[in-house]
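Good morning, everyone, and thank you for coming. Before I say anything about this protein, please take a moment with the sequence and the model on the screen.

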Amino acid sequence: MQFDALRDANFKLLDDAVTDWSTLVGHLAELKKDAEDDLHQAANKADWAGMNATVSKEFIGKTAGEFTDAHTQAKTIHGILSDTRNELKDYHGQLVDAVEGGRKKNLTVIGYEGGFTVTTNVPPEGRAREDKDNSAEITALRDQIQGILNKATESDDTARTVLQAIADQSELGFSDASYANRDDAAAAVKEADALAELAKKNPDDLTVEEFDRINAGLKKYSGDSLFSEEFATRLGPQKTLEFWTGITDPNRGNYELGQQRLDQFDDLQRNLSMTLAHASQSDSAAMADWKRTMIDIGDKPLYGNHGGPMGFQVMSNLMRAGDYDDRFLKDYGTKLMETERKLTDNGAHRNGFWQRMGGDPWLNRIGDDSGSDPLTGYLKGLSNSPDAATSFLNQEYISRSDPDNPFERDKDGDGKTGKVSLSNFQYLFEERDWPQEVDSHGDGLHTGQNNLALALEAATTGHPAGENPTVDTPAHNAEQAKLMEDIVHSVSEDPSRLSKNSYMSDSMGQIAAEYMPDINRQLHAGEDHELALFPIAGTAATPDERDLTRFLYTVGQNPEGYAAVNLGQHSYTTQVMQYHFEHPDAYVQDRAFSQSENLKQGVDGVARTAGQIEGILGAGRAYAGELEGGAKDAEYNAALENASTWGGTAVGIGIGMATEPLTGPGGAIIGDAAGTAADEIISAITDGAMKDSSGEVIYRNGASFQDTSDSTYKLVETAARKAGENSDHRYPLIEASVATSAEDGFDSAGRKVHQYLDGEGIPRQLDTED
């Protein structure tokens, strides 16, 4: 800050800017409220269909979110400008007072470009007597003025730095960086620089106190936009990888950290991951360069000619927490799979480079796997970023026209094999020879395949794995629906792909639950008025009947998979019945029949399809029970009863029951979940057994296959009755007929299992425990 600039400052323009920003904040607050209440909520309540369900609704939601970000950014900028203006005015006043104080002591301050000077007004003939006093006063005034200018400069510079950083956060749209004042924003940037300098040190020399400061700082600021971007770019890609490897590598020389902070390595990994993920969302030029460089060094040894793990092996372990930028994840995944092809001759053999050997660093501290296989951490990252997961898993791994393609299959059933193209999903799920991992007890680990299942869950549903869809979750798009079809077909083609890896079945069951409208439509006989009977928002998945039967049967052999589909089916069936009771003309209007008769025909179709799904699932469950004995049944009971840990009501089954609009995420017919028929039924099922008003048990978790069928019929009857009660219009004839329709569906399920599973069939009865 120059002396003349501060002394002669005209604050009118800055005052006007602060006032204008204050006015803008007020206007944006109103627009934000209007966008949320009138635009966003109205869009959520609209009955979207087709492309509108996948494009318009999502666009409106994002647009409304931009108003929120615009208000946040304007409020932050107003606070920074206001703080800076007030401080500069204060420093201006201090400077004027200092100059005036000097004048009274016969001292003059003269400014010039690049600085200022302090001189005395005492005539030359009197200076000799006062040289000593003048010298001290001149020095004191000079230091006082320089101190004021230094503080004004810091105020101005920090404002410029944080305002520029906020502007750089988002190339298009607005940043969500929120700060109450300039000092908070400046403190975040300052702390980021300090921690980055510590992390640049040789990890062997990092003290316990420095480790604690980095860990605590990353935890505190990991969600801070300015901090995250400043820390990541100041540290740089190479030093980021060296820092984490040096901390976690037991072969390095920092024994003090290993002895005193080993139990906190997982916290550091998580906090560092969250920080880098948040930083990746920035559109700044520095962060764009960071992302490009990180991908470029992914296939190179960390220490160059001195070896070390590949960049991908390190960085992927820093993707296990947080939501990374989709574009970065896609580009990273493309280069990662190029490297996988290169190291495996296009997948012809195991990737020995990513198999942990005895002396290799233990790069992962979250969970049991070593982190040597970069796909394990990367897939966990994808499970938090649905759009990137969809894109990556649908991406082609290798083309059938590639002369070095090692994959040949008999696609036509004529006994002749030929080269086939594979997507990343097909390669990872069907063909990849995963590096072996064992836990501390020597038991095999399958973290990579588990993370693949989580990534598939996110990729097909449109929300992070392990979470439930919300009112803002878009309806399924064409890419998601295609991947769901590919999953169903792959399991149908070779059920052992799932049955031998049953730990993936919980995610498969969740996927099926969220595609329950699509499954019902595909298993329902006939096509006339099917869209009205089972409405679907967005793009419908259309796996064929054979594939669905084999898929559901296989999922049903796993307790967690069975529980997810079972609850999803019962909840969807109940909700769709309630919808049709509330809208009796939604299915079909045939003037030759009464409205009640038309409605009965539709609801019977719903019940029949529900019976099919329950029959197929029950057959898979019974088969698993006979293979493993009665003890298996206890696992199924526990899985249903423990479903309350991930919801336990209509909200928890993952098909959007908690949302407000008529057609919700995935196209499920929904209403307000609390107090609905579906909520009552699902809550009762997860309690272990459901009773009617007379105390009779109408749902048993299944000691035999007969229990499954009987419970299905009773639940369908109960669903019809409760749906009628909740819609204020009961239909006794429908309530009396739906069980028969469900029985027809259950019986047809048995025929389909025999037909499509080579006679594997429905076991006679589950073994029961004494």
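Predicted model: local features only at pLDDT ≥ 70, side-chain atom pairs only at ≥ 80, totals over all residues.

Let me begin with a question: which residues does Leu393 touch, not counting residues up to four places away in sequence? With contact meaning heavy atoms within 4.5 Å, Leu393 touches Ser423, Asn424, Phe425, Leu428, Leu452, Ala455, Leu456, Ala459 and Leu483.

Residues are numbered from 1 along each chain as its sequence is written, and side-chain values use heavy atoms, with hydrogens and water left out.

Turning to the whole chain, its secondary structure comes to 29 helices and 10 strands, where helices (H or I, at least four residues) and strands (E, at least two) are DSSP runs numbered from the N terminus. Of its 770 residues, 54% count as buried, that is, under 20% relative accessible area, with exposed being over 50% and partly exposed in between (1.4 Å probe, protein chains only).

Leu393 also belongs to the largest nonpolar core, which has 130 residues, and is listed with Phe231, Met315, Leu428 and Met577 among those with the most contacts inside it. Such a core is a set of buried Ala, Val, Leu, Ile, Met, Phe, Trp, Tyr and Cys residues joined through side-chain atoms within 4.5 Å. Helix 25, residues 595–628, gives the most to this core, with 9 residues, and a second, separate core of 17 residues includes Phe3, Tyr91, Val118 and Ala152.

The axes of helix 7 (residues 225–235) and helix 10 (residues 265–280) come within 8 Å and cross at roughly 100°, which makes helix 7 roughly perpendicular to helix 10. Here axes are lines fitted to C-alpha atoms, for helices over the stretch in contact, and angles run from 0 to 180 degrees between N-to-C directions; those under 35 degrees count as roughly parallel, over 145 as roughly antiparallel, 65 to 115 as roughly perpendicular and the rest as oblique.

Finally, there is Tyr303, placed in the loop between helix 11 (285–296) and helix 12 (311–315). At 27% relative accessibility, Tyr303 counts as partly exposed, and its C-alpha atom is separated by 8.4 Å from that of Glu242, 61 residues apart along the chain.
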